[in-house]
Structure formats: structure tokens, C-alpha cells
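Before turning to the report, please look over the sequence and the model together.

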Amino acid sequence: MKAIALISGGLDSILAARMVQEQGIEVIPLHFKVPFCHRAKRSSSPEARVDSLVQHALSLPARIIDEGHTFLPLLENPRHGFGSGANPCIDCKILMLRTARRLLEEWGAHFVITGEVLGQRPMSQHRRALGIIERESGLEGLLLRPLSAHCLPETVPEKEGWVARSRLLGFSGRGRRPQMVLAEQFRIRDYPNPAGGCLLTDRVFSRRIRDLLRYDALTLENVELLKAGRHFRINGALKLVVGRDEEENNFLESMALPGDLTFYPPEDIAGPCALARGRMDEESLALCCRITCSYCDASEAPELTITHRAMPGTREGALKVPRAENDLLKSLAV
Ligand code: SF4
């Protein structure tokens, strides 16, 4: 027997997969790359970290599927609404599980495993939501949630004896202690803390997502930019992002697309790199320079010369500008 195990990158999905693997089922770990994972300040990508966790816990490589383009439209009008942020969790899970269902036949698998725990998340893991997710993904009876199986109706794999129900669990609620004990039993020690994960549950990130939606600018490239820097809405057609440290400055430079403008402090003064994306005019150019100037050192200098560069290439200009006032910065901040 074979099962596809959805791996989120957190502990629960890994434990669920391992429990079923321990029963002699061949598990295929599947991770969906969504565009809202933390850009941690580390050299490895979120997918590389998931793969290493899967290798550590299951001794297998993870299969990774990029759901970026199919995920974005969910944010416009999710059928089952949002959680506390811009997180359409029920629709998101249905989307992933529909893909897993399609893959069952292709990969010769018989059912799907998730690490969902009844009552753990307010939006998507209460009893009704679990039922909706199972039904609308087309996996009725074929979706096994090993960590909470004893709290849920029996599934086909249990009824058919493919897995022993007695060796599944009845976790429920928000506590993490039972999962940690189980991880210890399996000697899984190198796992991320539960606060990591999806940025759509973050208040600031959600506000920035809504800003992109409002100005019809929700693209994968723009979402990636939201993961770094201070953000300013210059007008409906233009945004500026200002780096907060060297790593973010480098990141912003690496993210510049043809048509973007980058901004730099004077050579002898420490300051940020900034990136503007959208339609530029003279007034906006001056404002972007002033905002960049505001985050440069040399607080006593009344004005600084900010260089700007049109991407791609080397066409440069410069403007000598004063800092933007704090009230102005606040009014433009996203
Ligand atoms: S937290 Fe994010 S990735 Fe997870 S189900 Fe919700 S929207 Fe999808």
C-alpha cells in the first residue's frame, strides 16, 4: 500500500507521515511550494529546509510541487473566507488536496495523509471545516488524519485494514506537548517551531497583501518583495521598498525587474538600497529619493544626493533632496 503524505514543513505533518510509515505503508512525502513562506535569514530556501526535515524523519526525499500561480487567485475571493489575516486556509487546503487526489492514480497511491489536528487551528481544523475540506477535495473516505483519527469517522484505509486504527491517535486542541513527546519517541529532534510558516497569518504581511489586491498588483514577483524592507505606497501605480539591513539591500537589488528603479545613498554615507516598482514621474522620483534619504545616516546633513538607477543597466541619475518628514513617511507606509 502507498500513501501520499502532505508535508507542510511543520512537525505535525511529519509525525503523521512517520506514524503511517511505521505501519509498513510506503509513504510519498509531498510538499507544496506556496509563495507565502517565510524568507528566513538563512542561505537555504524553505523547500530545502522541508527536504532536509523529511530526510531526517522519513529517510526519503520530499517531492516538491510549485503551487504559486494557482494559489494567488484564491486570495481574491476565497469561497470559504479568510482567517484572522489574509489566510484562506480552507480553500488553500482544498486546492492542495485536490492536486494530491489527482496524483493518487499517477503515483499508484491509495490514500492521502495530513497532519491536521482537530481543534488546533480556529479556521480550518474544527470538525465542520475538516469535513468540508475532505468533501470538496474529492477525497471522501481517503483522507487519513493519523494524529486525530480517534476523534474522527473511520476512513477507508482503517476500515479495509490497510492501517491499524488502534495504532493511530486521538489528539485534539491547541496543545503541543503530545506532539513533542511523539517526536521524541521517533527521535525527530530537528523540527521548526510552530510559530513559523505561512506569512498570510501575519498582520503586517496581510495588510501588504490587501494593498496589492487593492491596486491590482498581486503577482508572484510583488508578493516576494513583501518579505523584506519597509513598504511605501507612493500612489496607485507605484510602490517603494526600502531595505533595513545589508541582507535586505542585497535582496532588493536581486529582485529588481526591467522597468524598476533602484536608489542608493551617497558613497561616503551608510544607507539603504531602495527599489521602486510602477509608473514613475518626476514628482514621484523626488519623493522616492527623499524617503531613501530619510533612512541614511548623517542625521545633521540637511540634504543628501541620492543616486537612482533604471533597471536593467547603468542609466543613472541623482537628486539632492531633504529627508521626508516622519508624518509623510507614516502616511505612505503600508
Ligand atoms: S496557513 Fe497559509 S499555507 Fe497553511 S493552509 Fe492557511 S493559507 Fe494555506
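A residue is called buried here if 20 or more other C-beta atoms lie within 10 Å of its own, and exposed if 12 or fewer do. The model is a predicted one, and in it the buried residues of helix α10, which covers residues 246–255, are Glu 248, Asn 249, Phe 251 and Leu 252. Because these buried residues fall within an arc of 165° when α10 is viewed down its axis, they line one face of the helix.

On the other side of α10, the exposed residues are Glu 246, Glu 247 and Ser 254. The cover over the buried residues of α10 includes the strands β7 and β9.

## The antiparallel sheet

Both β7 and β9 belong to an open sheet of six strands, whose order is β6-β7-β9-β8-β10-β11 and whose pairing is antiparallel. The edges are formed by β6 (230–235) and β11 (316–322), each of which pairs on one side only. On average, and with direction ignored, neighbouring strands of this sheet are turned by 25° against each other.

Strand β6 is joined by five bridges to β7 (residues 238–242), and the two run antiparallel; in this pair, Asn 235 stands opposite Leu 238 of β7. Helix α11, made up of residues 282–294, packs on the sheet and touches β6, β7, β8 (261–264), β9 (274–278), β10 (303–310) and β11, while its direction makes about 65° with that of β11.

## The parallel sheet

A further open sheet has five strands in the order β3-β2-β1-β4-β5, with parallel pairing. Its edges are held by β3 (63–66) and β5 (143–144), each with a single partner strand, so one side of each is left without a neighbour in the sheet. Within this sheet, strand β1 (residues 2–6) pairs with strand β4 (residues 111–113) in the parallel sense over three bridges, and Ala 3 stands opposite Phe 111 in β4.

Helix α1 (residues 11–21) packs on this sheet, where it touches β1, β2 (26–33) and β4, and its direction makes about 170° with that of β1. Helix α4 (residues 89–106) lies across β1, β2, β3, β4 and β5, and runs at about 160° to β1.

Which residues make the contact between α1 and α2? Helix α1 packs with helix α2 (residues 46–58) at an angle of about 35°, the axes being 10 Å apart, and α1 passes α2 in a right-handed crossing. The contact is made by Ile 14, Ala 17, Arg 18 and Gln 21 on the α1 side, and by Leu 53, Ala 57 and Leu 58 on the α2 side. By residue class, this contact of α1 with α2 divides into five nonpolar residues, one polar and one charged.

Helix α4 likewise has a helix partner, α5 (residues 127–136), with which it packs at an angle of about 35° and with the axes 9 Å apart. The crossing of α4 and α5 is right-handed. From α4, the residues in contact are Ile 90, Lys 93, Ile 94 and Leu 97, and from α5 they are Ala 129, Ile 132, Ile 133 and Glu 136. The residues of this contact of α4 with α5 divide into six nonpolar and two charged, with no polar residue among them.

How values were computed
Residues numbered from 1 in each chain as written. Predicted model: local features only at pLDDT ≥ 70, side-chain atom pairs only at ≥ 80, totals over all residues. Pairing = 2+ DSSP bridges. Helix = DSSP H or I, 4+ residues; strand = E, 2+ residues; numbered from the N terminus. Axes fitted to C-alpha atoms, helices over the stretch in contact; angles between N-to-C directions. Contact = placed C-beta atoms within 7 Å. Left-handed = near helix turned anticlockwise from the far one by under 90°. Nonpolar A, V, L, I, M, F, W, Y, C, P; charged D, E, K, R; others polar. Arc of directions from axis to C-beta.
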